[in-house]
Structures are given as C-alpha cells and as structure tokens.
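Please look at the sequence and the model first.

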Amino acid sequence: MFDDLSDLYQEVILDHCKHPRNFREMTAATCSAQGHNPLCGDQLKLYLTLDGDRIRDVSFVGSGCCISKASASLLTECVKGKTRAEVGKTFDQVREMVTTGKIEGDVGRLAVFAGVHKYPARVKCAILAWHALAAALNGQGQPVSTESEDI
Amino acid sequence: MMTASTVNRLPGKEIDWAALRADFPILDQKVNGHPLVYFDNAATSQKPRAVINALDHYYERDNANVHRGIHELSNRATAGFEGARARAAAFLNARAAEEIVFTRGTTEGINLVAAAWGNRHIKAGDVILLTEMEHHSNLVPWQLLAERTGAKLAFLPITGDIGQLDLNRVDEFLTRDVKLLAMVHISNSLGTINPVSELCDRARKLGITTLVDAAQSVGHRPLDVQEIGCDFLAFSGHKMCGPTGIGVLYGRGEVLERMPPYQGGGEMILSVEYQRSTWKQPPHRFEAGTPDIAGAIGLHAAMDYLDGIGRENIARHDMELGAHAYATLAGLQGIRLFGPHVGRAGIVSFLVKDIHAHDVVELANRRGIALRGGHHCTQPLMRKLGVESTSRASFYFYNTTDEIDGFAEVIRDIMKFFGR
C-alpha cells in the first residue's frame, strides 16, 4: 500500500509503535529525564534503575510519532543490562546511523532505523529517546530538547 | 497589470477553477510519482506566472533603489514601489496610500505595532486582549510588550473543538483596563472566521484600539478596513499569491501619525544631525532602510491577479472546498475534526485515530499530497484542545473537490497501513 515507505516504516518499527515495550512509569527509578521535540510536540519521559554502573531496568512514557515511539521502545530493549560506556558507544553508533545511514559495528535490531537518514525531518524523532537517556545518565535536571543542540 | 488570462474571468462569469491551475507552473509536476496535490496553502500559497513575470521584469528592466533618485531606473523603481502602495490601499479600501506601511510580513507588522504604538500607549496594569486561537505571531509580541510595560494579557475564550469565540462572554472581557484588542480574522489552525467587524465595533465604542491579523483572510475574501473599522490590520504577501518577504501593515491615519518610529535608518528621516534627527510622516517613518521593492511590485501583481478572479468568487470556492473536506472527513470512522461545522474557511485540521500527525503527513507525502502536521504555531491553542498536534489540509482556489476526494482515499489507506 505504501511499499515505497518500507525503508522508514519497517515492520519492526510499526510493531514497536503499536505495541511499545517497557511503556510504563517507574516509581522507584534511580533517575529520569524528559525529552521534548518542540517541532512535533513529542514528549517522552525515560526512567532508569541503575545498579552501580549498569542499567538494571529502563522504561518510558509519553507520546509521539511512530518513529519516536518505536525508537524509545527499541532503546529500552537494547540498553537493559548495559554499562554507561556501552550505552555511550551505542548512542554514537545510532547517531551516525540515523544521520548518514552508515552502520558501524553491531547495532542489532536498531539497524531498522538506518533508513531514517533519507528523511531529514525525521532524524530528530529517531534520536529523541537517546538524548533523554544521556540526560538521565548524566543527571541533568533540565528536560532535553531536540532544538537545543545539533543532532 | 491584468494578465490576458484573468480578463476573461471577471466576476459574474462562471469560473473554471481547474483551468486556473495552468496559471501556476509549480502545480504541474509529480511528487513521489503522483500528481502534486498542494494542501499547505495556509503556510504559503503558490505563485501565478503573472507574479513571477512581474518579479522578472522588475529585475531585468527596472531595478534601482527607490526615492531621491534622479535617474530613469530609480524613477521607475519608485513609481513601481509607490504604485504598489496605492494598489494595496485600494485592495483594502483604505482612505489613503499613506495608511499602508510595507513590512516583511504579518509578524513584522504586529511587532511594529507592539513596539511603536505599544511602547507609547501601554502602561503597567493595562490589559491587552487577545483570543485563545492566536498564532504565535499575534501572541509573543504582546508578551514581550507586557514584559516591558507591566501590562497584562487576557484571552477571549473559545468553545471546545468547534473553535469559535464565545461571543456571550465578550462583555465580560471588554473591561475598562483593556487598551488593545488584537485578534486573528481566520484561524490558521481551526478555519474559524471571526466576526471582526462586530468585535471592532464593540471595542471602538469603549475607546479600545484594535488590530486584525488578516494573514489567512486577505487573499481569500473581500476585505474592507473601513467596514471592519479596525485601527491596524496586518498581512503577508506570500499567502495570497505574492512573494515571500513582503507584507502590509494598514494603520488608520490618525493613529499612525501619533506613533514614533519603529526602526531608525535611511528612508525614514527628514534631517539628521549628530545628536538628533527628525523623521518623515507615515508611512515612510516606519520604513527604515531599502525596502523589498521587488516584493512590493510582485504583491501588486498578486492583488491584480486575485481581483481578476474576484475575491467574492474566491471566498465562495474556498468555503465550498472547506465544507466538502469537512463533510468528507466527517464521513470516515475515527476522524476528530477541529473548527466550526459550518461557515468555515478552507482550512481543515484533523486527527486520524491515534496516529501521530507527522506519520499522517509523511504517508500523504508519499502520494504526492502536501499537508502540514504539528502545532501550526498555536501551541497554547493545542494545549487548550488537549492535543499535541493536528494534521491540516488548507486550500486555495486552484484546489478542486476531486483532489479532496483523492486525499480522503489516502487517509483511508493510512488507517489501513497502521492497522487502525
């Protein structure tokens, strides 16, 4: 029906958009951060439970387009159990992938976002949750906005 | 500058709207393999060849700086620029060309009033009355003025998703402290047509200065500033077939004369000494620096083009398209529509089930349809409606009901794609 869009709306993305994983508030979170995309009105809040340097649990709530919701959902599956350093590396890989389409190293199922680079207006949708994750890990009190830095 | 094609369709004749599309070169193209359907006219309209030709002609034959020139080209440029001013005065039925200030657009026009008129007339405790449906351009300049002066903002409320002003509550808001009523004529988010003549009349009886944001109305219906009775009216050229970068602020002569300059520089002065200057009478007092000469000349061509079709005819067609789109979308399951059921302009905002507006717009784009999704520069209104964003289809006279029917099919496909 919209076959020419399959590079953007891959099956995995549609699935996570319709059925987001780890979509819940976390009352006993170690830290949390809000992400906001003022262009779309997308809002999400990401919660983390840390065990030393390692992410023991992660969840999110919020609303947004299919790309941003699926990105947050897949993020939660990807980073659970990882260390700060591992997450930082993945963030760099994701950023590179959604802006250039290049996949460096093993990004697992996050590779479904490689097609986003062909849709410049949607890059911010795909990266919003990752900014919120970085803000939560860095303990920033301020909500992060996709308009506050070059991404 | 009447073009040959417009002379044949003066008001009174049945207009072949689809044939008018031939005047717009940009419409004849495919986007993503589908014929372009341009439904983003509230953001900017397309330009007819008559306007593009006027710009070309100016730059190829007449370009020079205006005023104070002695040479031939400067005379031509000045005549073109001031001719556009006289044309704009006639277009709005202003009393004099001196009531027409050229600006970069609606936003600059409103900022000009907020700075030049507002700084002089607004004091701490005064109330600036707006509506809940204002575009950010008719909200943020007043917030800045309120911050500078200690004035307060108040908002005429709207009635839910129907998005009409609650006229029963106007008296409650038109208090003695209100010094300015600034309101949008046609809402860019809702398609609501506000009764600006009635509201200006009620405000004027209380000595309240009035401003109308006519960005969405001026190219879509006949508009008469004397009939409306406003003190200020601002619009942009690019939403009415003209170029970007040019707009008009109408100001009632008596009000403009009492206003200090907006910006300082060349063009606006009478004489300059090292320590002080004196300035010209309106409108030149408010036009510092070299103006957008080509833009004004292009706007002149746009006004001629629209009047060649007849703004009454455009208004009728606009409302037919708006009503058709509203009824068609209302016939689909799971569509939430915003704005009035009847008597609406050709702007229709909607939500498709729980599918985000950007996903709707992305998929429509794959079928060649240009929609807009987002908050439409009306974030407080979106919050009031309890939504983050909407999708919006906005029409102009070159759009057709066939395009709207095709668009409705695409909306059905989008619902299927997302399995909703």
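## The interface of chains A and B

Across the interface of chain B and chain A the rule finds two salt bridges, a salt bridge being a side-chain nitrogen of Lys or Arg within 4 Å of a carboxyl oxygen of Asp or Glu. The model is predicted: local features need pLDDT of at least 70, side-chain atom pairs count only at pLDDT 80 or more, and totals for chains, interfaces and linings use all residues. Residues are numbered from 1 along each chain as its sequence is written, chains are lettered from A and ligands numbered from 1 in the order in which they are written, and side-chain values use heavy atoms, with hydrogens and water left out.

One salt bridge joins the side chains of Glu362(B) and Arg122(A), at 2.4 Å from N to O. On the side of chain B that touches chain A, α13 (357-366) and α15 (401-417) of chain B each supply at least two residues. Helices (H or I, at least four residues) and strands (E, at least two) are DSSP runs, numbered from the N terminus.

In total, 20 residues of chain B are in contact (heavy atoms within 4.5 Å) with 21 residues of chain A. The two chains bury about 1,800 Å² between them, 57% of it on carbon and sulfur atoms; buried area is the accessible area (1.4 Å probe) that two parts lose on being put together, summed over both. Of the area that chain B buries against chain A, 33% comes from Glu362(B), Arg366(B) and Phe417(B), more than from any other three residues.

Arg122(A) lies in the loop between α3 (84-100) and α4 (123-138) of chain A.

| Side chain in chain A | Side chain in chain B | Distance |
|---|---|---|
| Arg122(A) | Asp359(B) | 2.9 Å |
| Arg122(A) | Glu362(B) | 2.4 Å |

Arg122(A) counts as buried because its relative accessible area is 3%; buried means under 20%, exposed over 50%, and partly exposed in between (1.4 Å probe, protein chains only). Not counting residues up to four places away in sequence, Arg122(A) touches residues including Leu8(A), Tyr9(A) and His358(B).

Ala364(B) sits in helix α13 of chain B and is buried, with a relative accessible area of 1%. Leaving aside neighbours within four places in sequence, Ala364(B) is in contact with Ile369(B), Leu371(B), Val410(B) and Ile414(B).

## A helix and a hairpin

Helix α11 (residues 293-309) of chain B has 15 of its 17 residues buried. At the N-terminal end of α11(B), a side-chain oxygen of the capping residue Asp292(B) lies 2.8 Å from the backbone nitrogen of Gly295(B). After α11(B) comes Gly310(B), with a positive phi near 100°.

In chain A, strands β1 (residues 31-37) and β2 (residues 42-51) run antiparallel and are joined by seven bridges; two strands pair if DSSP finds at least two bridges between them. Ala33(A) has Leu46(A) in β2(A) as its bridge partner. Four residues lie between the strands of this hairpin, where Gly41(A) takes a positive phi near 85°.

Technical notes. Polar contact = N/O pair within 3.5 Å; in protein donor to acceptor, adjacent residues only side chain to side chain.
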